[in-house]
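Please open the structure in a viewer and keep the sequence at hand.

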Amino acid sequence: MAIMTTSSLTFQPVLDRIAAEIEKTPERGRPADYIPALAACDPRRFGMAVAEPDGTVYGVGDWRQPFSAQSITKVFTLALDLAREGDALWEHVGREPSGNPFNSLVQLEYENGIPRNPFINAGALVVTDRLQTQTGDAAETLLAFLRAESGNDELTINERVAASESAHGDRNAALGHFMASYGNIGNPVPVLLNQYFRQCSVEASCADLALATGFLARHGIRADGTRLLSSSQSKQVNAIMLTCGTYDAAGDFAYRVGLPGKSGVGGGIIAVVPGHCTLCVWSPGLDERGNSVSGVAALDRFTTLTGLSVF
Ligand code: DON
């Protein structure tokens with residue numbers, strides 16, 4: 001198989017080939033079943049988009065179909081909070097892989113209410129809490145950012161999904177209250193949970209999310225040319241995506257894909273090739289660690305076929 005050089009790269013044939021291969025794959029995983037809105041998704045659906053730093057987008061399959069972004073949003077809240085408070089954030093959340101499932105509670109007591117990293121649920125709650133303090137409305141700040149970066153003013157929060165998250169949110173509530181007992185949450189826990197559930201319920205397509213991730217390929221520069229993060233902060237967010245973005249599967253994801261990536265239980269995964277492009281893939285069937293089976297397979301094929309990776 002010929003590996004394409006960056007200069008000869010046109011992404012469309014690569015995406016078409018990957019979609020044709022995925023179509024033939026029998027094992028597609030199972031949709032998240034903890035809320036009815038996600039359980040109803042067909043695991044055979046598949047979409048993938050690649051965005052270049054100038055905003056050119058290529059796509060295949062269901063790449064324009066909005067889906068529940070879920071934990072993918074944790075990348076954007078992290079960036080939005082880092083942009084506002086800088087390194088002060090790291091007094092409240094760590095930067096080490098947890099090796100545990102995304103919603104695990106066990107490490108928190110040993111580690112005095114400081115979550116291992118910003119992408120497990122505990123860490124994401126801390127980030128959202130701090131963004132809430134900074135902005136007065138974390139979820140709306142996130143939504144405005146995603147709309148601006150994707151150029152899609154129709155992005156919305158699915159309030160039905162948010163209500164369902166809340167109805168099944170005992171574990172996140174436990175995490176929030178537990179961290180509050182250590183003084184690591186500044187807002188009333190119900191306010192924080194409402195913001196977090198709304199954040200997770202943003203719906204966007206592969207095209208929208210590939211474009212919205214573009215600042216991480218442009219070393220911190222937003223779509224309009226203004227700077228969100230310093231080049232160094234952009235590198236740091238990419239590094240945390242690589243080491244923590246797929247939870248207890250981060251090692252396997254780095255091995256197979258070789259890119260900073262962030263998954264969500266809606267079946268989406270975003271990934272970054274710094275300086276080159278950003279990707280988003282969606283297929284709702286998950287593996288036992290909560291990552292999209294076909295999404296990981298498609299990104300694995302992308303880096304193999306193009307030779308683009310951080311390694
Ligand atoms: O906190 C939760 O349980 C969900 N709203 C988001 C979890 C998620 O997407 C984890 N990622 N794989």
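This is a predicted model: local features need pLDDT of at least 70, side-chain atom pairs count only at pLDDT 80 or more; totals for chains, interfaces and linings use all residues.

**Ligand surroundings**

Begin by selecting the ligand together with the residues around it: Gln 70, Ser 71, Phe 102, Asn 103, Asn 121, Glu 165, Asn 172, Cys 200, Ser 263, Gly 264, Val 265 and Gly 290. Colour this shell by residue class; eight of its residues are polar, three are nonpolar and one is charged.

Ser 263, one of the residues around the ligand, has a bridge partner in S7, namely Ile 269. Select S6 and strand S7 (residues 268–273) next: three bridges join them in the antiparallel sense. Then extend the selection to the whole open sheet, whose five strands follow the order S2-S1-S8-S7-S6 with antiparallel pairing. Its edges are strand S2 (57–61) and strand S6 (261–263); each has a single partner strand, so one side of each is left without a neighbour in the sheet. From one strand to the next, the twist averages 10 degrees.

**The three-stranded sheet**

Now select the open sheet of three strands, ordered S3-S5-S4 and paired antiparallel. Which strand pairs with S4 over two bridges? The partner is strand S5 (residues 202–204), in the antiparallel sense. To finish, display Thr 156 and Glu 203, the latter in S5: the two residues stand opposite one another.

Key. Residues are numbered from 1 along each chain as its sequence is written. A residue is near a molecule or strand if its C-beta atom, placed from the backbone, lies within 6 Å of it. Ala, Val, Leu, Ile, Met, Phe, Trp, Tyr, Cys and Pro count as nonpolar, Asp, Glu, Lys and Arg as charged, and the others, Gly among them, as polar. Two strands pair if DSSP finds at least two bridges between them. Helices (H or I, at least four residues) and strands (E, at least two) are DSSP runs, numbered from the N terminus. Axes are lines fitted to C-alpha atoms, for helices over the stretch in contact, and angles run from 0 to 180 degrees between N-to-C directions.
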